[in-house]
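Hello,

Here is the structure I promised to pass on. Have a look at it first, and then read my notes below.

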Amino acid sequence: MKLKSSFYFYLLGIPLFLFLFVIIFLTSYLIAHGIPVLSLRFLFSYPEKQMTAGGIFPVIFGSFYLTILAFIFSLIPSLFSGIYFAYYAQDNFLTFALKTLIKSLSGMPAIVFGLFGLALFVRIFKLGLSLLASSLTLSLLTIPYLITTTEEALLSVPHTFYEAAIALGIPKWTVIRKIILPEAKPLLLSGVFLAFARLIGEVAPILFTGVAFYLKTISFSPLEKFMALPYHIYILATQHEKILKVRPIAFASSLVLLFFALTFGVGAYILRMKIKKYY
Amino acid sequence: MKIKIRFENFSLWFGERQILKNINMEIPEKKVTAIMGPSGCGKTTLLRSINRMNDLLPNVKTSGKVFIDEENIYEEKQDLLALRKKVGMVFQKPNPFPKSIYENIAFGLKIHKFKNIKERVIKALVDANLYEEVKDILNQNALTLSGGQQQRLCLARAIAIEPEIILLDEPASALDPIATAKLEELIQKLKKDYTIVIVTHNMQQAARISDYCAFMYLGEVIEFGKTEDIFVRPKDKRTEDFLLGKYG
């Protein structure tokens, strides 16, 4: 018996430890190569000498501007659709078909969204290569995920609260707004954080829709091009003419990106722990 | 004796399955009427057709009429919010909102635009025999109360918005004997102001607290009458069998 259980301990444990080893190795490699370059100056100054020196401020700025804008575009449609699926949609074939489509959309390769964004926003809507086109494209990528998250968060609130409020003669929309949504908030926010963590690292949807290789200044206009962390890393790592010289900057940028993604990921995890158990 | 609720040839289906079969029954005003019967006989469905909570479920069909104060509540134009304000409900499992004790009662009051919210909250708590136990912790989350207290809070929440009818769906099934006794005492007190309909599968409870009693079996009301008549001289063999504990 003891032998058997220790067999399963190793059987299940070894892959986990191998995986942990890879993560630890990867992170420490990044840290070892990135830390020497990292400094406040690096975070808050412009690139110099064709990006072989200086900082990555416009890159971080672009990434956040892009992500926040994409998030704003996706929030309302996702929230409304999620509420619709959780509380208004009838249990019929149309609903089933819509839900299936949305689920498969969230598994669609990001590059497909990129091409679609190029066709729709850049060309047809004539937004040009711009932050606006990119953030709209990115929001398309997030909406299916956020719809599913919203629906699940709402359905995680015990149905008994809903019934209790309806039985008091309270209008359905008020019940959702005042009882269900506040209870679903931690799970909803956790989903939003995870979406953020994913959005900030996406490169395919912005590739053809507005991201720039190098810009001299930052712009608050959403109709301008922009720089973004993942694309910056890609360029520094593979396309730059002095590839060895910019490598430390690529490492440091990766570290910054990893930090942001991880922060949002951990934030989501903390929020999830806050979720109440009712009974 | 005034009739408050009247079922007239009322039937209900979930999809193809008929749950209620041609119900005819008259529930008197300001009395406690118990609906008893074995599990799955349709008693909860019958109760929930009085405030049309069955409408929340998919594929529900009804035929026939249910009158409250001689108005058919299954009319097309029936205002469901007004109906549910008039017909309060307490559920099988206590389900206070995950808010403070005060807010649990104030919530419905605010939405129905009552004035003097604070006085009304206190009055509802007093009427539900709960005020003494919670007067110092009104801002505490209602989910920290015991099951019996939660159930009385749910009753307070229901009566705060001044309904005329209170539906109780096996309200004591999740409670211990002492909490049950407190709740039953409360029901006795409330019947002078409200018409109370209570579903129970516990016939002793029905005998203790009800003035009128219906016995349901397989979706039909087999027998309805004064509680003492039903318990002492059941007319139908099936009622008698149920009272002798032959099915539960």
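This is a predicted model: local features need pLDDT of at least 70, side-chain atom pairs count only at pLDDT 80 or more; totals for chains, interfaces and linings use all residues.

In what order do the 4 strands of the open sheet in chain B stand? The order is β2-β1-β4-β5, and the pairing is antiparallel. The edges are taken by β2 (17–28) and β5 (71–72) of chain B; each has a single partner strand, so one side of each is left without a neighbour in the sheet. For β2(B), strand β1 (residues 3–14) of chain B is joined to it by 8 bridges, the two running antiparallel.

Chain A has a mean pLDDT of 88, with 97% of its residues at 70 or more. Within chain A, confidence is lowest in strand β2 (residues 53–54), at a mean of 74, and highest in helix α7 (residues 159–167), at 94.

Tyr162(A), Ala164(A), Ala165(A), Ile166(A) and Ala167(A) are buried in α7(A). Their cover includes α8 (172–199) of chain A, along with α2 (80–86) and β6 (87–90) of chain B. After α7(A) comes Gly169(A), with a positive phi near 75 degrees.

Now to where the chains meet. Chain A brings 17 residues to the contact and chain B brings 20. On the side of chain A that touches chain B, α7 and α8 each supply at least two residues, and α7(A) gives the most, with 6. By class, that side of chain A has 9 nonpolar, 4 polar and 4 charged residues.

Enjoy exploring!

Best wishes

Conventions: Residues are numbered from 1 along each chain as its sequence is written. Chains are lettered from A and ligands numbered from 1 in the order in which they are written. Two strands pair if DSSP finds at least two bridges between them. pLDDT is the predictor's confidence in each residue, from 0 to 100. A residue is buried if 20 or more other C-beta atoms lie within 10 Å of its own, exposed if 12 or fewer, and partly exposed in between; C-beta atoms are placed from the backbone. Two residues are in contact if their C-beta atoms, placed from the backbone, lie within 7 Å. Ala, Val, Leu, Ile, Met, Phe, Trp, Tyr, Cys and Pro count as nonpolar, Asp, Glu, Lys and Arg as charged, and the others, Gly among them, as polar.
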